[in-house]
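Dear colleague,

Please find below the structure that I am handing over to you. My notes on what was found in it come after the display.

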Amino acid sequence: MLGEQFMVGEEICGVVVSIRFQEDILSIWNKTASDQVTTSRIRDTLRRVLNLPPNTIMEYKTHNDSLKDNSSFRNTKITL
């Protein structure tokens, strides 16, 4: 990602921002969903870089689950 703030090597594959009426969605694609250390590092860095409040709800969903649901945002796992 811009500025290599995340320090996770080649783990991040892509990013998209979806501006919606009631909420905005930032999606980050990473290679290895099972690597909880890396996904936590991405989450924590995102909070720090965007200066998000501690109570910001962040959700995570694997690529395979997205394919099953035909959606990147339905049935996500909420992480704090």
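The notes below go from the whole protein to one helix and then to one residue.

Please keep in mind that this is a predicted model, in which local features need pLDDT of at least 70 and side-chain atom pairs count only at pLDDT 80 or more, while totals for chains, interfaces and linings use all residues. Residues are numbered from 1 along each chain as its sequence is written, and side-chain values use heavy atoms, with hydrogens and water left out.

The whole protein

The protein has two helices and four strands; these are DSSP runs, numbered from the N terminus, with helices being H or I of at least four residues and strands being E of at least two. Along the sequence, their order is β-β-α-β-α-β. Of the 80 residues, 26% are buried (buried means under 20% relative accessible area, exposed over 50%, and partly exposed in between, with a 1.4 Å probe and protein chains only). The protein exposes about 6400 Å², and carbon and sulfur atoms supply 52% of that area; accessible areas come from the Shrake-Rupley method with a 1.4 Å probe, and for residues only the protein chains shown count as cover.

Helix 1

Helix 1 covers residues 36-50. Its 15 residues should span 21 Å at 1.5 Å a residue, and its end C-alpha atoms are 21 Å apart, which agrees; the expected span is 1.5 Å times one less than the number of residues. At the start of helix 1, a side-chain oxygen of Asp 35 comes to within 3.3 Å of the backbone nitrogen of Val 37. After the helix comes Asn 51, with a positive phi near 55°.

How many salt bridges does a search of the whole structure find? The search finds one, and it joins the side chains of Arg 43 and Asp 44 at 2.9 Å, N to O. A salt bridge here is a side-chain nitrogen of Lys or Arg within 4 Å of a carboxyl oxygen of Asp or Glu. Arg 43 counts as partly exposed at 22% relative accessibility, and Asp 44 counts as partly exposed at 40%.

Thr 45

The buried residues of helix 1 include Ile 42, Thr 45 and Leu 46. Thr 45 has a relative accessible area of 7%, so it counts as buried. Leaving aside residues up to four places away in sequence, Thr 45 touches Gln 5 and Phe 6, where contact means heavy atoms within 4.5 Å.

With kind regards

Technical notes:
Polar contact = N/O pair within 3.5 Å; in protein donor to acceptor, adjacent residues only side chain to side chain.
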